[in-house]
Each structure stands twice: as structure tokens, then as C-alpha cells.
Amino acid sequence: DLLNCAALLRREGHDVQLLDYRATPVAATERDRAAANADRIVVTTTPLDRWQCPTLDTEDTFRFIRSLPGEKTWVAGAHGTMQPEWVLTESGAAGLLIGEPEAAIGRITASIPDTGAPGLALMRDGDLKAERAEPLDLTMLPIPAFDLLHIDRYNYELLGNRLLVLETARGCPFGCTFCSREMYGMPVRRKSGEQVVAEIDRAHADTGFRHAYFIDLEFTFHREPVVALCEEILAHGWSFGWTCQTRFDQIDEELLRLMRRAGCRVIHFGVETGADRHVEALKKGLSLDEIREQHALVQRCGLETALFFLLGHPGETPAEQRSTIDLACELNPDYASF
């Protein structure tokens, strides 16, 4: 998101600096110097976890934001999107970018009207002014500002170093009860195939990345664009290992084998529970037998699996928690996350 915003601001003629304090921590003096030189500061509370529950450990985040000049600091991310008044109060920021930050990033470079604007949340005379912007047309986004990255600082222990995050689509049409779709909503919106290929090509030139995570919520929801992308990767002779996430009912053997030839090494799937009662309550739409059958297919196709499980469903008993752990042992994925 921040790389997209940087590219959009550059297109308007602005000079942009990216400071990723998780990848490259810096001293407070350097932070203060960067803040003093900036006309606008944007801090995101959730750069990636757009579909899961945002982190609840927010005090350090708010402490960091409060150390910046409040009159020119804006906060993006799921926290402010879901609870704008709370985040504005706790952070002392001038305002929020709510929902997709790219939709409103250009609006904070000029004077902000007291009535607010789509994609922004403000406090005026004790009243909250918040308005969601329309979902983005992803085909209108420029190529992300990959050159701002220090790619050697990024890795994923399931895949490797020099990791790049890529995106071909946003949104999820499924109704799982535990998921938050506040940032990107339910309609699935896609970039064009040419756009994705151009991004990969530029990222190669700008970063020399070795691994990539396609961060789409459901990477294979539309089958044909994935087939086309895999064929483009093979045709260009690009050699990078990659991973994605999808559902067990959105894959087939032919597609899996093509993805593997194109460099896919790991696929992430949500299993969530081994208790039949909670399978129904979560409204994921997958039976445990379907999960068993499709997981075996992925393994036969030579791909590694990373499976997500949830413990602590409302009303869950110790025996039901045990059934989830037993299912994880039975499936025997390469990686399991609880």
C-alpha cells in the first residue's frame, strides 16, 4: 500500500521517502530529522494484515505516532478504518486515510476542507467527519515504487530472502464469520495481466528480488488470470520462488502443476477447525472431507502447504480444540500456524 501511495504522489510531482522501521530500525534523532523535513507524514498501522484481525497491541504504535508532529501526520490502516474516533484520539494525528489509502493519498497534500473528503476521517469541533471512498479500480494504479525498498531487509522463513510482496487482486466474496474485510470489501477487483507483468519486470530491474508473496486474499479465485500469469513467468524465463494463499475449493490438479512449474513453492490455506460444529458456525463452506482430499492433491503435485488453524472459537470446548490439533497432525502440512 505504501509503495502504491508513493508512486501516486510521485506522479503528482512530490518527493517521497519510505521509512520501514520494522525492517530498518533507526534512532529517534534520525526519525525526528525525517519528520521535520517532511510536509506530510503517513504512518500505517497495518501494511499487510488486511484480512485477519489487526494486532491488538497498539500502545507502542500510538506512542510512536504521538512522537511525530501531529499537525502533519496522517494514519492509515485497518484500526482507523474500523474505529476512526478512537485512533484519532489516541494518536493525536491530523486525520486518517480510511479504507484503501491509495484512494485518498492525493487529498492530504492540499488543504483539507472542514467537511472532510472521501477516504478521509477528521475530527472537527468534537465531531467525527468520516467518509469511505469508492472501491479502487486497480487498473488505474501505477507501478509501485519498488526502488524505495531495501530488498535485502525482507525475507520469509517459509520461502527465502530478498522477498517482494506482489498483488494481482483485492477483495474476497466469501462470508467466513471470523474474517475482517473492512479494508478491501467483498467484490474481487483485479489488475490487468499486462499490468502485473509490467510490475514484475520493473521489480526485477529495481530490486533483484528472489522470492515473492502474491498477497491476494484468494489468489486462484479467477483461474484464467492465474494460468496466464504462470505462462508469462515461464515465457519470460523469470526464476523466482513464490507463494500465495487460496481456498481448497479454488484449485485443481492441472492448475497446481502449472503453478509449480512457474515457481510456486508454498500455498497457504485456511483450515481453521477440526470440530464439525465450528465448521458450520464459521461459514467457510468447506467440509473436513473436502479439506482432506484437496490437501492430499496439493501434496501429490509437489507443493508445500502452510495451513492456518484457529483456537478459541466462541463456546469451543477443550475436546474441540484437541480435534483441531489432531486434524493438523493428520494432514501433516509442511507448516502449521495456530
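Modeller: Let's start with a term we will need: helices (H or I, at least four residues) and strands (E, at least two) are DSSP runs, numbered from the N terminus. Please keep in mind that this is a predicted model.

Colleague: Thanks! In which loop does Trp238 lie?

Modeller: Look for the two elements on either side of Trp238. One of them is strand E12 (241-246), and the other is helix H7 (residues 223-236). Trp238 therefore sits in the loop between H7 and E12.

Colleague: Is Trp238 buried or exposed?

Modeller: Buried means under 20% relative accessible area, while exposed means over 50%. Trp238 has 14% relative accessibility, so this residue counts as buried.

Colleague: Which residues is Trp238 in contact with, leaving aside its neighbours within four places in sequence?

Modeller: Contact means heavy atoms within 4.5 Å. With those sequence neighbours set aside, Trp238 is in contact with Val197, Ile200, Asp201, His204, Glu232 and Ile233.

Colleague: How are H7 and H8 oriented: roughly parallel or roughly antiparallel?

Modeller: The axes of H7 (residues 223-236) and H8 (residues 253-261) come within 9 Å and cross at roughly 30°. Angles under 35 degrees count as roughly parallel. That angle makes the two helices, H7 and H8, roughly parallel.

Colleague: Why do the buried residues of H8 line one face of the helix?

Modeller: The buried residues in H8 are Leu255, Leu256, Leu258 and Met259. Looking down the axis of H8, they line one face because they fall within an arc of 165°.

Colleague: Which exposed residues does the face of H8 turned away from its buried side carry?

Modeller: The buried residues of H8 pack against H7, E12, strand E13 (264-272) and helix H10 (288-300). On the face turned away from that buried side, H8 carries the exposed residues Glu254 and Arg261.

Colleague: One last residue, then. Is Thr58 buried or exposed?

Modeller: You will find Thr58 in the loop between strand E1 (41-44) and helix H3 (59-66). Not counting residues up to four places away in sequence, Thr58 touches His79 and Trp86. Its relative accessibility is 13%, so Thr58 counts as buried.

Methods: Residues numbered from 1 in each chain as written. Predicted model: local features only at pLDDT ≥ 70, side-chain atom pairs only at ≥ 80, totals over all residues. Heavy atoms only, no water. Buried < 20%, exposed > 50% of the residue type's maximum accessible area, 1.4 Å probe, protein only. Axes fitted to C-alpha atoms, helices over the stretch in contact; angles between N-to-C directions. Parallel < 35°, antiparallel > 145°, perpendicular 65-115°, else oblique. Arc of directions from axis to C-beta.
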